[in-house]
Amino acid sequence: MRKFSNLSKTMLPISIVVIIFVVFSIITEGRTLTGKNLSNVLQQSFSIVIGGFGMMFVMSMGSIDMSLGSIILISGIGSIFSVMKLGFIPMFIVCAVIGALFGLLSGSILAYFKMPSFMVTIGLSFSLRGLGNFICQNVGNGMVLSKEARAFDTLGFKLPFVIVLALIS
């Protein structure tokens, strides 16, 4: 009986997703199952999946990071500016450096002031969200990405990247 209970806990979320998927397929008369729709769902979920991998590492250490989305925002803004000024390869380095710097800032505050991670990261989240909003409204108006830069927003680029991340973790 105990094994069945553990199995049901594991299968419950998967079962709920399948049920929701079937209900939406019936309601939309099968339009949910089109290749284009499934491709769109996959493409839109990649940033959440990548963030989830990062959150998995943070939570495995017994902590919580509420600033993840805001750090992704600032890294994304940094990637746009760097790809336009420096090119594609430096863009990856800039994104990693931005994420590492804010992680270092958060970790330093946690270690030095002995504050709870929730408080530090929620404060950092609000600050970075405000900074991102300021940059997007005042600096980034009128910016248009080149066709080469938009090529990174394809399933062919994102899928192998997420598979490698899954294998590493």
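These are my notebook entries on a predicted model of a protein.

**Entry 1: ground rules**

I am working with a predicted model, where local features need pLDDT of at least 70, side-chain atom pairs count only at pLDDT 80 or more, and totals for chains, interfaces and linings use all residues. Residues are numbered from 1 along each chain as its sequence is written, and side-chain values use heavy atoms, with hydrogens and water left out.

**Entry 2: the overall plan**

Helices (H or I, at least four residues) and strands (E, at least two) are DSSP runs, numbered from the N terminus. Along the sequence I read the pattern α-α-α-α-α-α-α.

Next I checked burial: 21% of the 169 residues are buried. My note on the words: buried is under 20% relative accessible area, exposed is over 50%, and partly exposed is in between (1.4 Å probe, protein chains only).

Two packed helices are described by the angle between their axes and the distance between the axes. The axes are lines fitted to C-alpha atoms, for helices over the stretch in contact, and the angles run from 0 to 180 degrees between N-to-C directions. Angles under 35 degrees count as roughly parallel, over 145 as roughly antiparallel, 65 to 115 as roughly perpendicular and the rest as oblique. A crossing is left-handed if the near helix is turned anticlockwise from the far one by less than a right angle, and right-handed if clockwise.

I took α3 (residues 68-85) with α4 to begin: their axes are 8 Å apart, at an angle of about 150 degrees. That makes α3 roughly antiparallel to α4, and the crossing is right-handed.

Then I turned to α3 and α5, whose axes come within 8 Å and cross at roughly 30 degrees. So α3 is roughly parallel to α5, and this crossing is left-handed.

**Entry 3: two residues on helix α5**

Is I135 buried or exposed? I found I135 in helix α5, and it is buried because its relative accessible area is 19%. From I135 to I77 I count 58 residues in sequence, yet their C-alpha atoms are 8.2 Å apart in space.

M119 also sits in helix α5. Its relative accessibility is 48%, so M119 counts as partly exposed.

**Entry 4: a nonpolar patch**

Which residues make the nonpolar surface patch? I listed M59, I64, M66, Y112, F113, M115, F118 and M119, which together give about 830 Å². The elements giving two or more residues to this patch are α4 (88-113) and α5 (117-138).

I wrote down the rule too: patches are made of residues with over 30% relative accessible area and no salt bridge, joining like charges within 9 Å and nonpolar side chains (Val, Leu, Ile, Met, Phe, Trp, Tyr) within 5 Å. A salt bridge is a side-chain nitrogen of Lys or Arg within 4 Å of a carboxyl oxygen of Asp or Glu. Accessible areas come from the Shrake-Rupley method with a 1.4 Å probe, and for residues only the protein chains shown count as cover.

**Entry 5: two positive phi angles**

Most residues other than glycine have a negative phi. I noted E29, not a glycine, with a positive phi of about 55 degrees. E29 belongs to the loop between α1 (2-27) and α2 (35-60), and is exposed because its relative accessible area is 68%.

K114 is not a glycine either, and has a positive phi of about 55 degrees. I found K114 in the loop between α4 and α5; its relative accessibility is 69%, so K114 counts as exposed.
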